[in-house]
Amino acid sequence: MKYLVTAQEMKQYDKNTIEYLGIPGPVLMERAALAAEDFLKERFDAVKERTKVLIFAGMGNNGGDGLALARLLAADGYAVAVKCVGDMQRATKQWKSQWQTLQHFPVKTDSNIAVDEYNVIVDALFGVGLSRPVEGNYADAVKEMNKAEGFKLALDVPSGICSDTGRVLGCAFLADVTVTFGFCKRGLVLYPGAEYAGEVRTANVGIGQESFLGQEPEMYTYEKGSVQLLKRNAAGNKGTFGKALLVAGSNGMAGAAILAAKAAYRTGAGMVKVITAEENRQIIQQGIPEALYGSCRQLTESLDWADVIAIGPGIGREEQALQCLKTVVERSRKPLVLDADALNLLAEENGRMLAEELRAQGAEGRVILLTPHVGELSRLLKRTTSECKDDLPACAKILAKRFHAVAVAKDARTVVCKEQGACYLNTTGNSGMATAGSGDVLTGVILGLLAQGMDAPEAATCGVYLHGMAGDLAAGLHTEYGVMAGDIAECLIKNQNKKA
Ligand SMILES: NC(=O)C1=CN([C@@H]2O[C@H](COP(=O)(O)OP(=O)(O)OC[C@H]3O[C@@H](n4cnc5c(N)ncnc54)[C@H](OP(=O)(O)O)[C@@H]3O)[C@@H](O)[C@H]2O)[C@@H](O)CC1
Ligand SMILES: Nc1ncnc2c1ncn2[C@@H]1O[C@H](COP(=O)(O)OP(=O)(O)O)[C@@H](O)[C@H]1O
Ligand SMILES: [K+]
C-alpha cells in the first residue's frame, strides 16, 4: 500500500515532524536536497565533467530545497548555477538561510544566465505551496525551462501542477523525473499531473507514519506485488468458489454478457449464470459454453440460486431492463454490483423509486457496489461530466454515501470509495483500455472476486487493480493501440504482480 497525500496533509505532516517529533525544518530540507542530489549523481556522475546544472528557485521552501541542492552539487564538483525568480525580500526564513550559506560556494547566481548552456534543468519554483495560477515572471520561467534541451528534474512537484488534483494551474513544468519528498502527492498520479511529473521517485526525508499523529492520509494506491488474491481451497469444488449471477446483454448486446462472464470465470468464480435476452441464447452458449444460461423469465429463481449478483452490462434502457432491475432490487438482498445501464436506469425519472429502495437497502446493510464511468456518475449525481472529472474522489465519496455503497468511479485513474475511510486510487492500466467493453470486463472481475468471498471494498479495489494489470499485460502483447476488451479478459490474473 502506498499513501497519496494532498498539499494540506503534507504540510500537516511536515509540521508534526518539526513541532512534535522535534526534527528541525533545515534537517528535512537538507535530506530533501540530498535525495535529489543522490538521484542526479546516480544519473550524471559518469559524465560529471560535461554536466552543467541550472536550478530555477522560487522564494518558498521548494526554492530553499533548490538552493541546498545547488550547494551540495557544487561541493561535489558539479558546475551549477541558480536562477532566482521572485522578490527575495519575501522569501521564507529557511530560504534566506540557505541563500547565505550558498554564498560560500562556487555557484553562479546572476540574473543573466543563458539556459542553453546547461544540460540539466531543475525546477524548484513551487512545490506544495502553489496557491494560484502561474503567471508573469513565473510563467516565463516555466516556459524557459520547458524550452530548454536536456534532462529535466522537478523537486517535489512540477511547478504549476496542483498537488491535489493534478490540474495545470496556468502552465506547468514538464519533467522527465520528479523526486518527491516524504509521500507521493495525489497530483503526481492524477492526470494530467502524472504526465508532467514523468517518472516519480518518492524520497524518505524523515517524514513517515510517525508524523500522522492519528490522521492518516485519505488516499492510497497499491504498488506492484501488494495485491493478494484469496487463498484457494485445494479441496474446493465449484460451489466453494461461488455462484455468480450476471444479468447482462439485451438483444444485439450479447458481447457485454460474454465479456463479463468470461472475466468472472477468469478471476476464479466457480459458476457463472447469465440471464439475458432470449435472442442471445445461441450466441452466449457459443461464446461462453462454460456459463449457465437463463432467460429473463428465470430471473427470480436464479436470484435464489446465486451467491452474488451483477446487473447492467449491455442491458439497455427498455422496459424489460427496468423490470429485471426491479426484480433484482426488490426480490433479493444478496451482494449486488450495478453497472452501465442499470445505473442509467436508476438515474432516470422511471428509476427514482428503485434508487430510493436501493439506498434504504444499503442503509440496512445490503452489500452494494456501483461502477459508473464519468458519464454515468454525472447522471447519478446530476452534475456535469467536467465537474465529476475534475474531482472524481469527492464525487465518488458522495455516491458512496448516498447509496451506503462501495463506489467505483471509473476513469484513466479509477477511484474506489466507501462511505467512510480512505479512498483507493488505481494506478494500473493504460490508454489501450479505453475500448468498448473493458468496463464489462471489470464488472465480471469484481463479481468473480465477490463470488469467492472477498469483502466488497476489497473486491472493488483488488478488482480494479487486477483489471488494470491485465490491461497492461494486454498492451504488452498488442500495444496500447491494439488492445480489445477480450484481450483484457484473457490476460486476467496472469502474473498479476508483474508489469508488461
Ligand atoms: N516544511 C519543510 O520543512 C519542508 C518543505 N519542503 C519543501 O518545501 C516545499 C513547500 O514550501 P512552501 O510551503 O514554502 O511552498 P512553495 O511550494 O515553496 O511555494 C510557496 C511560495 O510560492 C509562492 N506562490 C505560490 N503560488 C504562486 C504563484 N502561482 N505565483 C507566484 N507565487 C506563488 C508563495 O507566495 P505567496 O502565496 O506567499 O505570495 C510562496 O512564496 C515543499 O514542496 C518541499 O519542496 C522540503 O524541504 C521538506 C521539508
Ligand atoms: N486511459 C486509461 N487508462 C487506464 N484505464 C482506462 C483508461 N481508459 C479507460 N480505462 C478503464 O477502462 C474501463 C472502461 O470502462 P467503461 O467506460 O465502462 O467502458 P465500456 O462501457 O465500454 O465497457 C474502466 O475500468 C476504466 O478505468
Ligand atoms: K518544483
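Let's start with an open sheet of 6 strands, ordered 3-2-4-5-6-8, whose pairing is parallel. Strands here are DSSP runs of E of at least two residues and helices are runs of H or I of at least four, both numbered from the N terminus; two strands pair if DSSP finds at least two bridges between them. At the edges sit strand 3 (79–84) and strand 8 (199–203), each pairing on one side only. From one strand to the next, the twist averages 20 degrees.

This is a predicted model, in which local features need pLDDT of at least 70, side-chain atom pairs count only at pLDDT 80 or more, and totals for chains, interfaces and linings use all residues. Residues are numbered from 1 along each chain as its sequence is written, while chains are lettered from A and ligands numbered from 1 in the order in which they are written.

Strand 8 is joined to strand 6 (residues 177–181) by 5 bridges in the parallel sense. One residue to look for is V177, whose bridge partner in strand 8 is E199. Helix 2 lies across strand 4 (120–124), strand 5 (151–155), strand 6 and strand 8, and runs at about 150 degrees to strand 6. Such angles run from 0 to 180 degrees between N-to-C directions, with axes as lines fitted to C-alpha atoms, for helices over the stretch in contact; two residues are in contact if their C-beta atoms, placed from the backbone, lie within 7 Å.

## Around ligand 1

Which residues are closest to ligand 1? They are G60, N61, N62, G127 and G129, out of 27 residues that surround the ligand. A residue counts as near a molecule if its C-beta atom, placed from the backbone, lies within 6 Å of it. Helix 2 (25–44) and helix 3 (61–75) are the elements that give two or more residues to this shell. By class, the shell holds 13 nonpolar, 10 polar and 4 charged residues. In this scheme Ala, Val, Leu, Ile, Met, Phe, Trp, Tyr, Cys and Pro are nonpolar, Asp, Glu, Lys and Arg are charged, and the others, Gly among them, are polar.

UniProt positions follow the numbering used here, feature names are shortened, and annotations may be inferred rather than shown by experiment.

## Two domains

The protein is divided into domain 1 (2–220) and domain 2 (243–491), with bounds from an automatic or database domain assignment. Their C-alpha centres lie 42 Å apart. Each domain gives 10 residues to the contact. On the side of domain 1 that touches domain 2, there are 7 nonpolar, 1 polar and 2 charged residues.

The unreviewed UniProt entry also carries the annotation "domain: YjeF N-terminal", covering residues 10–213. Over that stretch the chain is 36% helix and 17% strand, and its end C-alpha atoms are 13 Å apart.

A second open sheet has 12 strands in the order 7-1-9-18-17-16-15-14-13-10-11-12, with mixed pairing. Its edge strands are strand 7 (184–185) and strand 12 (292–295), each of which pairs on one side only. Strand 16 and strand 17 pair in the antiparallel sense over 3 bridges, and A409 has V415 of strand 17 as its bridge partner. Helix 17 (residues 456–482) lies across strand 15 (368–371), strand 16, strand 17 and strand 18 (423–425), at about 15 degrees to strand 16.

## Around ligand 2

Ligand 2 has 18 residues around it, and H373, A412, G429, A434 and G439 come nearest. Helix 16 (residues 438–451) gives the largest share of the shell, 4 residues. The shell has 6 nonpolar, 9 polar and 3 charged residues.

UniProt (unreviewed entry) places a "binding site" at K410, D411, A412, R413, T414 and G439. No two of their C-alpha atoms are more than 13.3 Å apart although they span 30 residues in sequence, so they gather at one spot. A412 lies in the loop between strand 16 (406–409) and strand 17 (415–417).

## Two backbone details

The peptide bond from Y191 to P192 is cis, with omega near 5 degrees. P192 lies in the loop between strand 7 and helix 6 (193–197).

K382 is not a glycine, yet its phi is positive, at about 55 degrees. Look for K382 in the loop between helix 13 (374–381) and helix 14 (385–390).
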